[in-house]
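Good morning, everyone, and thank you for making time for this.

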Amino acid sequence: MSDTALDLQAVNKIYNPRSRQAVHAVRDLDLKVDAGEIVALLGSSGCGKTSTLRMIAGFEAVTSGAIVLAGRPIHTLAPARRRVAMAFEGYSLYPPLTVRENIAFALKSERIDQTEATARVDEIARLLDITSILDRYPSSISGGQQQRAGLGRALIRKADLHLLDEPMGQLEPQLRAHLRGRIKHFIKERGLTAILVTHDQTEANALADRIAVMEDGELQQFDTPDVLRQRPANLFTGTFIGEPPMNVFDADAAEEDARFVFRLGDGVRLAYDPGAFRPDLRETILARGRVTLGVRPHSVRIADDGAEATVDASQWLGDQTHIAARFAGTSIVSVRHDRMRLERGDTIGVRVAPEDLHLFDTATGAAISHGGAPA
Amino acid sequence: MEHTSALERVLRGAALSAVVLFFMFPIFWIVLMSFQTNETILRSPPSMVFEPTLSNYVALITGRLETQAGSLDIDFMRNLMNSVILSVSSVALALVLGVPAAYAFARHKFRGSEDIAFTLLSFRFAPPLLVLLPLTLYFQQIGLADTYVGLVWVYQLICLPLILWIVRGYFEDISPDVEHAYRIAGHGWGATFMKIALPLAGPGIAAAGLLAFIFAWNNFIFALVLASADKQPVTVGALAFVTASGIQYGQIAAAVVLSIAPTLALALYAQRYLVEGLSLGAVKG
Amino acid sequence: MSGLTISNLTKRYKSDTVLDDISLEIAEGETLVLFGPSGAGKTVLLRCIAGAVDPEAGTIAIGGTDMTDVPPEGRGVGMAFQNFALFPHMTAFDNIASPLTARRFGREKIRSGVEAVAKLLKIDHVLSHAPKALSNGQKQRTALARALAAQPKMLLLDDPLRNVDAKLRFEMRLELPRLLSEQGATVIYVTQDYKEAMALADKIAVLVEGRIIQMGTPEDIYLRPADIRIAEQFGDPAINLLEVTPERDAQGNFVSLSKKRVELGPGYDSAVGRPCILGVRPEAIGFSGGAEAIEVTIEAETPFNEKTVTLATTKGGREILISRPAGTPAPASGTAGIDIDASAAVLFDQETGRRIEPGSDKTRARDAA
């Protein structure tokens with residue numbers, strides 16, 4: 001059992017609390033981040049992730065609740081005394097200083113000697129591929145380089161917590177995969193605790209041990225990327241996580257001729273051996289009748305004996321093929337890791353294995369089951 | 001942060017009141033003066049307590065001014081009319097000339113375009129007297145002295161640069177893509193100017209027109225030199241109250257109140273245009 | 001018939017050459033994607049075709065008619081802008097109707113035309129809204145509807161999905177091909193997203209610093225990139241680029257990585273002894289326990305879009321990215337062996353950055369003979 005590094009306890013943030021435009025940006029947020037863990041706060045704009053980050057960093061006061069870092073309550077401290085290092089979304093380098101001075105600036109408060117400081121700057125510069133621009137000024141380097149320098153300034157510090165706000169949004173695409181790997185390695189090797197705030201799930205998935213999915217100021221689910229993908233707690237997480245997004249259909253469940261059947265739109269039926277679903281789950285589903293059925297594009301198989309679908313688009317992206325087809329009165333997307341040559345208008349068979357089915361409550365969106373077992 | 005203490009609010013209120021008092025006091029005092037006779041105005045120490053009278057306004061509107069030295073005919077209503085004619089026609093002409101020119105300067109960068117635009121603006125820097133003397137001579141020779149046409153022409157020195165520079169900025173703020181989109185849709189450049197550029201710069205044109213109107217209305221020196229009594233605007237007309245028997249402060253105050261009334265009303269009416277600005281929000285920055 | 005022919009097009013801003021002698025041809029009904037980094041000249045080229053920018057030299061013919069000196073309103077093209085460029089003071093309906101009013105259609109014809117295209121793009125319920133009352137996705141669809149409304153023969157789309165969120169972008173990417181082929185128009189589509197380019201293009205033209213450095217099918221561009229800059233841009237995670245010097249022995253041409261042979265196959269004779277860069281896609285590298293495997297240290301595993309990307313370093317300190325479908329067994333952390341599928345590798349000349357085509361030296365020899 002690892003120690004808790006950061007503990008958010010029933011944190012609320014309300015802007016303009018007494019006015020009519022009161023905005024409840026963060027609602028009763030409880031979140032525990034273990035020491036040495038990388039956690040991503042993931043959500044679309046306005047979901048409360050940035051408010052949360054700003055409260056942890058101290059740029060925003062908590063309306064109620066407590067923030068405890070390494071055993072110290074920090075939510076009343078000034079930002080400089082929280083022992084939190086932060087990389088900003090805007091590059092926010094000091095324009096009159098060179099990149100080297102910008103990065104070394106963060107070390108001033110640590111009172112370490114010059115040679116060690118230089119060594120540490122050089123190391124971080126190698127990591128972020130900015131060695132060649134260390135003596136340039138921020139105005140003369142590209143956006144991607146500025147963002148890397150900003151990251152360097154945050155990562156070089158020794159702090160109880162590192163906050164990274166959209167740290168890779170501006171990075172050059174061809175560098176991203178390398179930098180993700182190197183930064184993850186760097187953080188893990190030093191045992192740093194980091195919180196990454198992003199709207200980009202690719203980034204969250206790549207770097208984070210656990211992801212906190214937020215929407216409308218509320219925490220939707222907090223778990224590892226694998227669990228988020230395989231066992232989403234509700235329809236929101238299910239459709240939000242995953243690229244391309246999950247296919248969703250409304251379906252009526254029934255038992256016909258000893259088969260367990262989902263009737264989708266346009267007369268399409270998905271029939272399964274009842275044994276694929278646990279008996280108690282079968283009863284729950286039949287009692288509800290109508291459910292929302294989700295299946296990830298990577299799990300949509302194309303097979304001759306499947307339900308009929310008509311190809312709308314088949315797009316080869318080099319390392320994968322995306323196929324969109326008209327199916328059950330709406331459209332379905334299938335993704336495969338190989339190349340598949342299909343033309344628009346081709347008829348294909350679509351099959352979904354019972355273990356790839358996610359069922360949600362049509363009214364509330366809460367998950368009912370994942371792959372034949374209750375959620 | 002969003003928490004402010006009671007003390008902060010009180011201090012902020014006091015500071016704001018001081019600023020408002022400082023700027024509004026002269027106007028407030030003028031309004032008070034316009035309801036007083038010369039005697040009450042000139043008593044020392046000045047007092048806020050007096051018996052209000054409408055005599056100043058009556059004198060202005062009827063055109064007869066009674067002083068100790070006798071009665072005097074003044075033509076204030078005519079001056080007011082002159083101000084309206086001069087300002088409205090000057091602004092109208094400046095808009096007709098200036099808006100297309102501003103559009104040209106905003107959209108077509110040609111060699112020297114920046115210099116021409118700056119030269120036009122530089123008319124605003126020169127003291128009016130610099131141009132007035134030669135103009136007076138020329139105008140007399142070609143018969144433009146003491147005509148509305150001549151005055152409106154000279155007033156372009158005030159209105160045109162203002163409209164050109166303000167409206168150019170508004171045109172530059174319109175994304176060229178919006179205009180390209182309209183032309184690519186199949187409309188000619190004339191239609192694009194009328195249907196896209198003009199409406200989108202509308203608030204800016206209104207603002208520039210209003211400012212030009214106020215500057216034209218308040219102009220003193222051009223009319224003083226180039227116009228005789230029957231063409232003079234209110235600014236010059238108010239001089240008539242400096243009489244041989246003394247300065248008629250009450251009437252001057254009333255004249256000032258009457259002459260700022262239209263500009264004030266216009267400014268209040270157009271405020272909404274000025275604030276609305278260009279933020280119509282379809283084009284992302 | 002040719003949908004669009006551009007010959008020797010050049011555009012300069014002051015001393016800056018933005019388009020440098022561009023020539024290209026597209027068949028009618030084809031979709032050409034202009035791909036390149038920002039500042040490469042894509043948007044300027046598009047504007048030249050639309051008539052919004054005048055080129056210094058060169059000609060543009062649309063559907064066989066020379067349009068070089070025709071003003072934008074006479075070219076009969078439809079265009080969608082990256083920033084949407086909707087008319088803010090008009091409703092969505094009037095925006096979409098603008099190409100129809102320009103053609104002086106009757107009121108009834110305009111109404112039915114707008115409604116048809118709005119329905120196609122699923123915005124028929126917001127036609128009375130002003131642009132500022134539309135969501136980003138609706139703005140983007142309105143802009144697209146306006147471009148399509150007059151059913152132009154030539155459609156110019158300037159990165160139309162840039163300003164919408166990832167989910168919408170994905171949805172539109174799958175929806176667009178059907179929409180475009182139903183229109184039957186010749187399409188030029190500008191993008192910086194290689195996936196959009198691969199997905200939508202019949203042909204891709206890669207523009208760098210005002211020049212087309214390769215034009216070909218998505219397959220050509222992805223599998224046989226003419227230049228190292230193209231290889232870098234196509235693929236996510238990006239292609240591995242390893243500095244090598246090809247060698248030759250009795251068994252053939254090869255490069256050595258961490259003292260292990262990677263066979264190049266025949267046809268690379270001209271590359272032997274020259275400093276080169278070997279490009280290997282992350283998905284063409286697999287983990288292996290064989291004796292010929294290259295030993296690497298695993299630095300980090302980063303899950304990526306139903307794949308797992310591993311960053312590893314060789315003994316010589318080279319970084320290598322390896323990609324495999326998610327859920328396939330992982331090597332234990334620490335060290336592992338990897339295998340490079342040399343048939344999928346490409347070789348670039350280090351000095352020029354151009355790809356060395358296998359067998360090209362032989363062909364040349366034959367031509368000489």
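Let me begin with the word domain, because the bounds of a domain here come from an automatic or database domain assignment. By that assignment, chain B is divided into domain 1, residues 6-73, and domain 2, residues 76-276, and the centres of these two domains, taken over C-alpha atoms, are separated by 30 Å.

Before going further, please keep in mind that this is a predicted model, in which local features need pLDDT of at least 70 and side-chain atom pairs count only at pLDDT 80 or more, while totals for chains, interfaces and linings use all residues. Residues are numbered from 1 along each chain as its sequence is written, chains are lettered from A in the order in which they are written, and side-chain values use heavy atoms, with hydrogens and water left out.

How do the two domains of chain B meet? In contact (heavy atoms within 4.5 Å) are 17 residues of domain 1 and 17 residues of domain 2. Between them they bury about 1,400 Å², with 76% of it on carbon and sulfur atoms, where buried area is the accessible area, with a 1.4 Å probe, that two parts lose on being put together, summed over both. Across this interface there are 0 salt bridges, a salt bridge being a side-chain nitrogen of Lys or Arg within 4 Å of a carboxyl oxygen of Asp or Glu.

Let us turn to the other interface, that of chain C and chain A. Here 37 residues of chain C are in contact with 34 residues of chain A, and the area buried is about 3,200 Å², of which carbon and sulfur atoms give 57%. How many salt bridges are counted between chain C and chain A? The count is 6, and in one salt bridge the side chains of A:R182 and C:E319 meet at 2.6 Å, N to O.

Finally, consider helix α1 of chain A, residues 49-57, which is mostly covered, with 7 of its 9 residues buried. Helices are DSSP runs of H or I, at least four residues long, numbered from the N terminus, and a buried residue has under 20% relative accessible area, with a 1.4 Å probe and protein chains only. Among the buried residues of this helix are A:L53, A:M55 and A:I56, and the helix is followed by A:G58, whose phi is positive, near 100°.

Note on methods
Buried means under 20% relative accessible area, exposed over 50%, partly exposed in between (1.4 Å probe, protein chains only). Helices (H or I, at least four residues) and strands (E, at least two) are DSSP runs, numbered from the N terminus.
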